[in-house]
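This report covers helix packing and nonpolar cores in a predicted model. Please read it alongside the structure.

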Amino acid sequence: KTGSAKTKILQNIGELGGQILDLEGLANHKGSLLGKIPGLEQPSQKLFESKLFNKLKQLDLKKNIYIEAESSKIGNVHIPKSIWAKMIISPRIEIKADLKLRANFLVKDYNYMCKNPDLICPLLNGLKKRLSKNLIESWKKLILKKKWIELTESFLENHYDPSYSSNTIKNDRKIVKLINVKSLSHLEIKKIAQTILK
């Protein structure tokens, strides 16, 4: 689920010698509603696919390639249908972390937004059709009070986790490994990556 350090785990797998395909890295986007990275423009669809093709040429397709479970769209770019079709049928490793752990991780990971809350409110407008006005107003109050953990927990409970649960790519595939985590420290993330590679 969102906040379980998937991208950091993926990067550690790469650092430890595993083959990875970092779609969010290629797309310059964190792949969520608040995923736009300040100061970074997303590539055009054509450039994204060129970067993706270039990366695939460097991989041994006969060996495992680790990839993060994504929606078919990352920000403004789409994952090519052939890769998406392969993702849908690929086995998965599930990282299980509780709400508080994930909220704490996200507040650190999105620290630039906590420092500049003006980045958050415009993005919330994109949820007006899907979520209640009262909920969005309660989030705006939490932003004004700088209650980041409370805000993030509410984001997870009311938006991210429900949308994750309804996304079949993340639910219909065979789970080959379930990893329950009690910490998302740098050291623990490295250990998770090592466990996955074993």
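Helix H1 meets helix H10 through Lys8, Ile9, Asn12 and Ile13. On the H10 side, the partners are Ile189, Lys190, Ile192, Ala193, Ile196 and Leu197. By type, the residues of this contact are seven nonpolar, one polar and two charged. H1 spans residues 6-15 and H10 spans residues 186-197. Their axes come within 8 Å and cross at roughly 60 degrees. The crossing is right-handed.

Next, helix H4, residues 81-89. Ile83, Trp84 and Met87 are its buried residues. These residues lie on the same side of H4, because they cover an arc of only 100 degrees around the axis. Lys81, Ser82, Lys86 and Ile89 are exposed on the other side. The table lists what the buried residues of H4 pack against.

| Element packed against H4 | Residues |
|---|---|
| Helix H2 | 23-27 |
| Helix H3 | 45-57 |
| Strand S2 | 66-67 |

Now the cores. The largest nonpolar core has 21 residues. Leu34, Ile120, Leu124, Trp139, Trp148, Leu151 and Phe155 touch the most other members. At least two residues of this core come from each of helices H5 (99-109), H6 (111-115), H8 (133-144) and H9 (148-165).

Which residues does Leu151 contact, leaving aside its neighbours within four places in sequence? They are Trp139, Leu142 and Ile143.

A second core is separate and has 17 residues. Among them are Ala97, Leu184, Ile192 and Ile196. Ile192 and Ile196 also belong to the H10 side of the contact with H1.

Definitions and conventions. Residues numbered from 1 in each chain as written. Predicted model: local features only at pLDDT ≥ 70, side-chain atom pairs only at ≥ 80, totals over all residues. Heavy atoms only, no water. Buried < 20%, exposed > 50% of the residue type's maximum accessible area, 1.4 Å probe, protein only. Helix = DSSP H or I, 4+ residues; strand = E, 2+ residues; numbered from the N terminus. Arc of directions from axis to C-beta. Contact = heavy atoms within 4.5 Å. Core = buried A, V, L, I, M, F, W, Y, C linked by side-chain atoms within 4.5 Å. Axes fitted to C-alpha atoms, helices over the stretch in contact; angles between N-to-C directions. Left-handed = near helix turned anticlockwise from the far one by under 90°. Nonpolar A, V, L, I, M, F, W, Y, C, P; charged D, E, K, R; others polar.
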